[in-house]
Amino acid sequence: MSVDTPHRIVLLRHAKADWPEVSDHDRPLAERGRADAPVAGRRLAAAGIVPDLALCSSAVRTRETWKLAVHELPQRPRTVYEERMYEASLGELIALVNETPGDVADLLLIGHNPGMHAMADALAGGAEGDALSRMNRSGFPTSSIAVLSFNGSWKSVEHGVATLVDFWAPHA
């Protein structure tokens, strides 16, 4: 795949989680999260987003979100459950993206805030329409999706390299 080929980074924040007496990593989805996750999957499918690779945090709530969302896609992408995404900083998230194989056109990250919002905000050197103002106004709630597009290699992903082409939140 040429470095001139447009790539997309799709950021999906996990669906609404419950607060039982378990470790943060082991928190499951709440009832609303179990309802919202398939809606996010349908939104991805309706937008024509079928990633080549999905990197999902190893936390229970992100894995459950992905399990419910992926069933709405026309095909299941290769999925990697990535320990490093749990509590990842912006720099750590960018480093993970920089490791993406060159044959991947569209990459989906299923993770947590504040990382998902920080990543979308940092990479977006520009935005289409009102996507950036909608994202910043909403605060990137659970089950939100940001779609960023850029030209270049995955190793070239850094601050300001992408355009925020869409932002969606289920209850906005």
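**Entry 1: the model and its fold**

I am working with a predicted model. I began with the secondary structure. I found five helices and seven strands in the protein chain. Then I followed the order along the sequence. The pattern reads β-α-β-α-β-α-β-α-β-α-β-β.

**Entry 2: overall form**

I looked up the spans of the C-alpha trace next. Along the principal axes they are about 45 × 30 × 30 Å. How does the radius of gyration fit a compact globule of 172 residues? Such a globule would have a value near 16 Å, and the protein chain has 15 Å, so the two agree.

I also checked burial. Of the 172 residues, 48% count as buried. The accessible surface comes to about 7800 Å². Carbon and sulfur atoms hold 50% of that surface.

**Entry 3: charges**

I noted 17 positive and 22 negative charges in the protein chain. Their mean positions lie 5 Å apart. I then looked for salt bridges, and the structure holds 10.

**Entry 4: Asp106 and Arg8**

I picked out the salt bridge between Asp106 and Arg8. Their closest N and O atoms are 2.8 Å apart. Where do the two partners sit in the chain? Asp106 belongs to strand β4, residues 106–111, and Arg8 to strand β1, residues 6–13. They are 98 residues apart, so I wrote this down as a link between distant parts of the chain.

Is Asp106 buried or exposed? Its relative accessibility is 11%, so Asp106 counts as buried. Arg8 comes to 23%, so Arg8 counts as partly exposed. The cut-off for buried is under 20%, which is why the two partners get separate labels.

**Entry 5: Asp36 and Arg32**

My next pair was Asp36 and Arg32. Their side chains meet in a salt bridge, at 3.4 Å from N to O. Both residues lie in helix α1, which covers residues 31–46. They are four residues apart, or about one turn of the helix.

I checked the accessibility of each partner. Asp36 has 6% relative accessibility, so Asp36 counts as buried. Arg32 has a relative accessible area of 40%, and that makes Arg32 partly exposed.

**Entry 6: Glu99 and Arg84**

I then looked up Glu99 and Arg84. Their side chains form a salt bridge, at 2.9 Å from N to O. Glu99 sits in the loop between α3 (90–98) and β4. Arg84 sits in the loop between β3 (78–82) and α3. The partners are 15 residues apart and link distant parts of the chain.

Glu99 is partly exposed, with a relative accessible area of 47%. Arg84 has 42% relative accessibility and also counts as partly exposed.

**Entry 7: a network**

Which residues are linked in a network of salt bridges? I listed Arg43, Asp130, Arg134 and Asp166.

**Entry 8: Gly152**

Last, I looked at a glycine. Gly152 lies in the loop between β6 (145–151) and β7 (162–168). Is Gly152 buried or exposed? Its relative accessible area is 14%, so Gly152 is buried.

I also looked up how far Gly152 is from Thr62. Their C-alpha atoms are separated by 28 Å. Along the chain, the two residues are 90 residues apart.

Technical notes: Residues are numbered from 1 along each chain as its sequence is written. This is a predicted model: local features need pLDDT of at least 70, side-chain atom pairs count only at pLDDT 80 or more; totals for chains, interfaces and linings use all residues. Side-chain values use heavy atoms; hydrogens and water are left out. A salt bridge is a side-chain nitrogen of Lys or Arg within 4 Å of a carboxyl oxygen of Asp or Glu. Helices (H or I, at least four residues) and strands (E, at least two) are DSSP runs, numbered from the N terminus. Buried means under 20% relative accessible area, exposed over 50%, partly exposed in between (1.4 Å probe, protein chains only). The radius of gyration is taken over C-alpha atoms; the globule rule is 2.2 Å times the number of residues to the power 0.38. Accessible areas come from the Shrake-Rupley method with a 1.4 Å probe; for residues, only the protein chains shown count as cover. Lys and Arg count as positive and Asp and Glu as negative; His and the chain ends are not counted. The place of a charge is taken as NZ of Lys, CZ of Arg, CG of Asp or CD of Glu.
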